[in-house]
Amino acid sequence: MLELRKDIFADERDDNLKEIGKGTQRQDMLGHVTGTSSYFNDHKLQGMLHLKVVRSTQAHARIRRIDTTEAERSAGVRRIIRGTDVPVNLNTLLSLINFGKDDEPSLAVDKVRYKGEPIVAIVADSEREAFEAIARVKVDYEPLPAVFDVEEALSPGAPVVNETYPKNTFTYHEVYDHQKLRFGDADAALATADHVLEQRYQMSPIEHAPTETNGAIAAPDTNGRYVVYTSTQALFFSVDTCAKILDVPSNTFHFIGGTVGGGFGGKVDTLTEPLAILGAMLTGRPVRYVFGREEEMQFGPPRGAERIYIKDGVMRDGRIVARKIRAYFDSGAYTRLSSYAAVKCAAHLPGPYTIPNVYGDVYCVFTNRTPATAMRGFGVTAMDFAIECQMDKLAHLVNMDPMEFRILNAYRDGDMKAHRREAKNTALIECVQVAAEKAKWPLREEYKRASSRKDGGGSRAVIPPTPTDPSRARPAAAGQQRTSYDRLPPTVTREPPREPPPPAPPPPSPRPAAPSHGATRFSSVFGTRRR
Amino acid sequence: MAVTVKTFASASEAAGALSSDRSARYLGGGTLVMRALNEGDVSISTVVRAQDQALARIDASGPRVTLGAGVTFARVLAERDLAFLHAPARSIGGPAVRNMGTVGGNLFAPNPYGDFTVALLALDTTVAVQGGFGSRDIGIEEFLQARDRQAGTLVLSVSCTRPASTEAFRYRKIARIKPKGGSVVTLAAHLPISGGRIAGARIALGSMAPTQIRARAAERALEGRSLDATTIAAAASAATEGTSPSDNALGSAWYRREIIGVHLRRLLSGQE
Amino acid sequence: MSKIPLQFRHNGREVAIFVDGGTNLLVALRELIGDMTPKFGCGQGGCGTCSVLIDGELHLSCLTLAETVAGRSIETLDGMKQGPNLHPLQRAFADNFAAQCGYCTPGMLMAAKALLDRNPSPSRDEVIEAISGNICRCTGYEPIINAILAAAGGRISA
Ligand SMILES: Cc1cc2nc3c(=O)[nH]c(=O)nc-3n(C[C@H](O)[C@H](O)[C@H](O)COP(=O)(O)OP(=O)(O)OC[C@H]3O[C@@H](n4cnc5c(N)ncnc54)[C@H](O)[C@@H]3O)c2cc1C
Ligand code: FES
Ligand code: FES
């Protein structure tokens with residue numbers, strides 16, 4: 001069961017807290033075990049209609065014609081909604097925080113950009129009747145060349161996926177086509193490293209697969225307002241998104257959320273609420289729009305695919321001296337949250353390690369795949385997968401134990417991080433030590449004694465001179481080993497008795513005493529908070 | 001238009017209703033029919049049911065075993081006399097699917113399903129069907145080959161001869177999720193032994209072609225021989241002959257071809 | 001209107017409703033009877049959150065044509081509590097942290113009940129088998145298995 005290692009950083013923690021560090025029951029547990037927790041769909045409304053959408057069968061096509069005449073005559077159909085019926089049929093989620101341009105329609109009008117994109121919504125008396133009407137909608141497509149690979153999308157002559165971003169990359173600060181991180185001179189350090197290891201990693205999209213699918217029920221209320229029961233993970237965000245798309249003040253809506261049947265990031269995109277509300281506005285009846293399982297899996301937004309190139313320079317003693325990363329986030333056809341994920345990813349480089357020279361370019365790329373969104377570990381999961389694979393390979397290359405190799409390179413309190421913030425409250429070393437202990441993995445004494453609070457700072461706190469010009473390729477040092485990794489043991493011979501690596505210089509001044517109460521070991525991309 | 005449900009007391013009436021309506025679908029346990037309706041399959045507009053007790057009958061007392069088409073896998077598992085069919089029955093779905101899914105429906109289940117049918121194919125089962133014009137028996141191979149055209153016929157029962165010993169009938173299903181999951185590949189082998197030699201071997205494979213098929217080349221490699229390492233190796237290396245697997249979310253065609261021989265070898269050599 | 005009359009027992013109570021042709025039992029229970037405890041997770045038999053007991057046997061209500069339960073007895077999570085008290089399984093789920101979002105919980109509890117009603121002291125493997133048709137995306141199966149074993153072991157009193 002749960003074990004709290006209170007011996008670690010004990011002096012930084014106040015253990016007289018009433019709740020923290022103690023087991024406590026979830027406030028919603030009784031509802032869960034009795035089945036009385038109320039999810040969005042647990043509402044039975046008089047005269048409720050059902051909304052289903054016609055989805056694109058094409059990954060990329062111009063829409064020549066949409067013919068709904070037969071569908072309109074289909075039994076039980078109350079209303080057919082097309083793109084022109086949507087008051088503001090172009091949005092991007094993060095426009096609420098002024099990030100990105102509106103690029104995605106609620107219902108496609110002239111073009112579809114991914115397979116499964118909604119084109120027409122049908123509101124009918126029953127789901128069956130909605131399905132029957134869907135089968136009667138005719139969409140005339142003119143297929144366009146499609147692109148499904150991030151690097152192909154960036155190559156000259158690639159099809160333009162999303163005209164809002166004609167270069168197939170998200171635009172940061174109106175100018176930049178990627179996120180850039182420069183710290184020290186990675187190229188110079190690579191040129192002098194004992195070994196250089198360059199690898200390519202990629203991750204497929206991952207569907208959140210919540211047990212409850214995405215959905216919403218919207219119903220007309222008194223005073224021209226609408227009650228909306230929703231599965232959203234981000235209620236106020238959804239309210240404002242709906243207000244924008246439907247062009248009404250946000251107090252038009254009374255959103256009721258709360259218990260979400262699993263989200264994991266897949267229920268922030270506000271995909272069902274706007275159409276459900278519009279359906280209720282146009283019919284005057286309660287309307288439910290809930291994804292089927294196949295819709296959820298195929299067209300619900302996943303964690304996007306990523307491709308990552310890492311080039312590391314490592315010394316024979318195990319110190320990583322340079323890390324150069326190029327990463328591509330596959331945003332799919334539109335911007336949901338990958339643009340922001342790329343920012344978080346860049347801020348995360350080079351992982352929880354102190355490396356004096358770091359170089360990162362992170363792109364958010366458009367392809368004709370399902371738009372991608374947030375998922376737990378937002379922006380850093382694939383990168384961490386790549387970095388940790390790379391760490392194992394590097395350890396192998398320099399003949400070091402992979403756990404010890406991580407402890408050696410781990411960031412410590414007082415170190416300068418690549419995005420120019422001092423590392424505080426670091427705990428990687430302790431994590432590795434505990435993991436090794438649990439796995440009965442032998443660590444040598446000096447690694448057992450290592451601490452996140454020792455040996456950091458000093459020369460490790462210095463921001464190195466960083467060239468801003470595009471750096472020229474440098475000749476590699478004579479005798480450098482460039483490795484494309486294979487699983488065989490490294491063949492080069494190295495000094496066999498491994499000296500403990502030279503510790504970084506001790507910090508110039510003693511670390512300030514930690515405050516005596518809890519909640520200090522928290523840092524975020526936006527800086528470190530100390531209470 | 002809502003779906004029309006027609007319920008009949010006898011199998012023959014149900015068969016009549018099925019054969020006269022192309023949009024009609026017979027409802028066995030419903031695990032696939034209801035799924036299609038839930039996902040919006042508008043090609044089904046009539047559901048036909050039969051409450052004929054004959055469809056739920058199990059006759060397992062003698063050497064010839066007969067299972068009504070409406071027998072569920074849970075009932076197969078509850079029947080001690082059907083021990084030879086317990087492995088295939090247990091390999092299907094979770095408990096709820098076994099309580100609902102029927103032997104008859106399994107004959108129509110597309111890949112990655114139809115595991116019980118793999119066993120039935122190896123056992124040289126006879127399928128009793130009722131069309132518009134009365135009932136007849138057909139061999140399971142013939143039945144499967146014409147499966148797409150069987151719409152409109154009602155399966156009444158399946159029957160096969162009980163294998164001579166537990167050794168003589170073997171079954172193996174490879175799934176990615178345990179204890180549940182669609183088939184990556186499924187294998188069944190009936191290996192009657194006469195005078196120390198295999199006589200009349202039948203090997204059936206699931207997920208190796210659009211329907212369950214026999215591995216005839218592997219059967220030939222076994223025929224008339226004793227089940228020793230050489231014979232097993234020969235059969236295993238012939239396992240892919242005549243197969244045409246396809247890609248799906250559970251495995252690629254390439255992967256299926258790679259592993260089928262490995263699993264056939266394990267099945268024949270009695271390895272776990 | 002092709003409404004079909006249907007009568008069955010719902011948690012011990014006779015109910016009578018009219019269903020449309022093709023309606024599944026999950027929709028009938030939720031939308032016609034108002035028992036919201038069985039959930040929709042897939043409509044494909046894949047997740048198990050709609051699980052109910054029909055005459056004591058575990059079934060997926062989303063794949064059950066409503067008409068086929070005429071005259072039969074349906075149990076759902078709504079009928080699990082024993083008066084004002086939690087059923088030992090409910091208590092054990094709560095005590096063992098066997099739910100997070102709670103969406104799979106109704107199905108898990110019914111699958112567990114189907115097991116314990118027949119087999120009051122199952123092995124761990126039997127528990128795993130019994131919930132193998134139920135997907136939980138949040139909690140992880142360990143706490144759920146432990147909860148069912150705890151309920152079976154009588155370590156939890158209602
Ligand atoms: C979650 C889940 C897991 C599953 N796992 C497995 C598995 O591991 N292995 C496996 O093999 N299958 C599996 N299945 C598929 C399916 O449950 C089984 O194949 C089952 O045997 C189908 O039988 P049924 O009676 O439910 O079929 P139904 O849905 O009633 O019918 C299926 C088809 O067969 C036709 N049919 C049924 N009975 C007859 C008859 N008597 N005469 C003529 N036509 C008939 C129907 O018209 C329909 O076209 C799974 C299904 C689900 C939902
Ligand atoms: S909703 Fe019935 S199994 Fe998922
Ligand atoms: S608790 Fe969320 S699916 Fe199980």
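How much area is buried between domain 1 of chain B and domain 2 of chain B? Open the viewer and find out. Keep in mind that this is a predicted model.

**Stop 1: the domains of chain B**

Select chain B. Colour domain 1 (4–50), domain 2 (53–161) and domain 3 (169–268) separately. Now hide domain 3 of chain B. Look at the other two. The centres of domain 1 of chain B and domain 2 of chain B, taken over C-alpha atoms, are 18 Å apart. Domain 1 of chain B brings 13 residues to the contact, and domain 2 of chain B brings 14 residues.

**Stop 2: the interface**

Here is the reply to the opening question. About 1000 Å² is buried between domain 1 of chain B and domain 2 of chain B. Carbon and sulfur atoms give 73% of that area. Search this interface for salt bridges: the rule finds 0.

**Stop 3: ligand 1**

Bring back the other chains and select ligand 1. The ligand lies between chains B and C. Show the 34 residues around ligand 1. Those that come nearest are Y26(B), G29(B), T31(B), T102(B) and D115(B).

For G29(B), a backbone N or O atom lies 2.6 Å from a ligand 1 oxygen atom. End at T102(B), where a polar side-chain atom lies 2.5 Å from an oxygen atom of ligand 1.

Notes: Residues numbered from 1 in each chain as written. Chains lettered and ligands numbered in written order. Predicted model: local features only at pLDDT ≥ 70, side-chain atom pairs only at ≥ 80, totals over all residues. Heavy atoms only, no water. Domains from an automatic or database assignment. Contact = heavy atoms within 4.5 Å. Buried area = accessible area lost by both parts, 1.4 Å probe. Salt bridge = Lys/Arg side-chain N within 4 Å of Asp/Glu carboxyl O. Near = heavy atom within 4 Å. Polar contact = N/O pair within 3.5 Å; in protein donor to acceptor, adjacent residues only side chain to side chain.
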